[in-house]
Amino acid sequence: MRRIIVGVIFLMAAQGVALAQGSNERRGWGYVFGGAGAATGDFPTGFFSVGAGGEGLVSNGLGLGAEIGYFAPFRQPGEGSGIFSGDVSYHFSRSSKLVPFVTGGYSAAFRSGASHGANFGGGVQYWMKERVALRIEFRDHVFSSDNPHLFQFRVGLSFR
């Protein structure tokens with residue numbers, strides 16, 4: 001299962017890079033992230049998360065993206081779950097180094113079964129160099145299962 005997750009993360013990151021090739025318009029990028037968060041509901045706990053994804057702009061700051069990751073309790077790192085998100089985003093300023101964004105869409109958490117829900121959040125990308133940005137964001141995944149909210153604070157790198 002871990003090999004599948006790592007393979008999908010690699011493919012998601014490669015997709016973001018492929019979107020950016022051959023264009024000086026900065027229309028796509030990949031990203032990797034790590035972070036920490038908390039789950040609410042019947043089994044509240046703190047957890048860490050890692051993952052990767054890709055985004056591409058389709059029109060005037062409007063973007064489409066997808067990501068896959070892994071989250072697990074700090075005390076039981078082997079007891080985690082995978083998480084997939086397909087999102088729509090809006091990037092407020094693409095002409096400066098500092099680009100704030102909001103995002104939201106579909107989420108699925110999976111281990112032996114799947115739990116479906118939604119996510120929303122926002123953050124900022126600071127393009128330190130032409131092809132590398134620091135990405136800081138907050139995400140809330142909302143499910144109707146035992147842990148209805150997964151709050152994440154994430155830090156990562158975007159690349160194009």
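At 6% relative accessibility, T103 counts as buried, where buried means under 20% relative accessible area, exposed over 50% and partly exposed in between, as computed with a 1.4 Å probe and protein chains only. The model is a predicted one, in which local features need pLDDT of at least 70 and side-chain atom pairs count only at pLDDT 80 or more, whereas totals for chains, interfaces and linings use all residues. Residues are numbered from 1 along each chain as its sequence is written, and side-chain values use heavy atoms, with hydrogens and water left out.

T103 is found in strand 5, strands (E, at least two residues) and helices (H or I, at least four) being DSSP runs numbered from the N terminus. Not counting residues up to four places away in sequence, T103 touches D87, V88, S89, N119, F120, G121, E137 and R139, contact being defined as heavy atoms within 4.5 Å. A polar atom of the T103 side chain lies 3.3 Å from the backbone oxygen of V88. Between T103 and H91, which are 12 residues apart in sequence, the C-alpha to C-alpha separation in space is 8.8 Å.

When neighbours within four places in sequence are left aside, S85 is in contact with G65, A66, E67, Y106, S107, N119, R139 and H141.

A search of the whole structure finds 8 salt bridges, each defined as a side-chain nitrogen of Lys or Arg within 4 Å of a carboxyl oxygen of Asp or Glu. In one of them, the side chains of R139 and E67 meet at 3.6 Å, N to O. Because R139 lies in strand 7 (residues 132–143) and E67 in strand 3 (residues 62–73), this pair ties together parts that are 72 residues apart in sequence. R139 is buried, with a relative accessible area of 1%, and E67 is likewise buried, with a value of 3%. The side chains of E137 and R135 also meet in a salt bridge, at 2.9 Å, N to O; E137 is buried at 5% and R135 is buried at 2%. A network of salt bridges links E55, E67, D87, R135, E137, R139 and R154.

A further salt bridge is formed by E79 and R111, whose closest N and O atoms are 3.6 Å apart. E79 lies in the loop between strand 3 and strand 4 (81–91), and R111 in the loop between strand 5 (98–110) and strand 6 (114–127), so that the pair ties together parts that are 32 residues apart in sequence. Here E79 counts as partly exposed, at 48% relative accessibility, and R111 as partly exposed, at 47%.

With regard to the chain as a whole, there are 1 helix and 8 strands, which follow the pattern α-β-β-β-β-β-β-β-β when read along the sequence. Of the 160 residues in the chain, 41% are buried. Among contacts between residues at least 6 apart in sequence, 50% join residues at least 24 apart. The chain exposes about 8,300 Å², of which carbon and sulfur atoms supply 64%, accessible areas coming from the Shrake-Rupley method with a 1.4 Å probe and, for residues, only the protein chains shown counting as cover.

Notes: A polar contact is a pair of N or O atoms within 3.5 Å; within protein, one must be able to donate a hydrogen and the other to accept it, and residues adjacent in sequence count only if both atoms are side-chain atoms.
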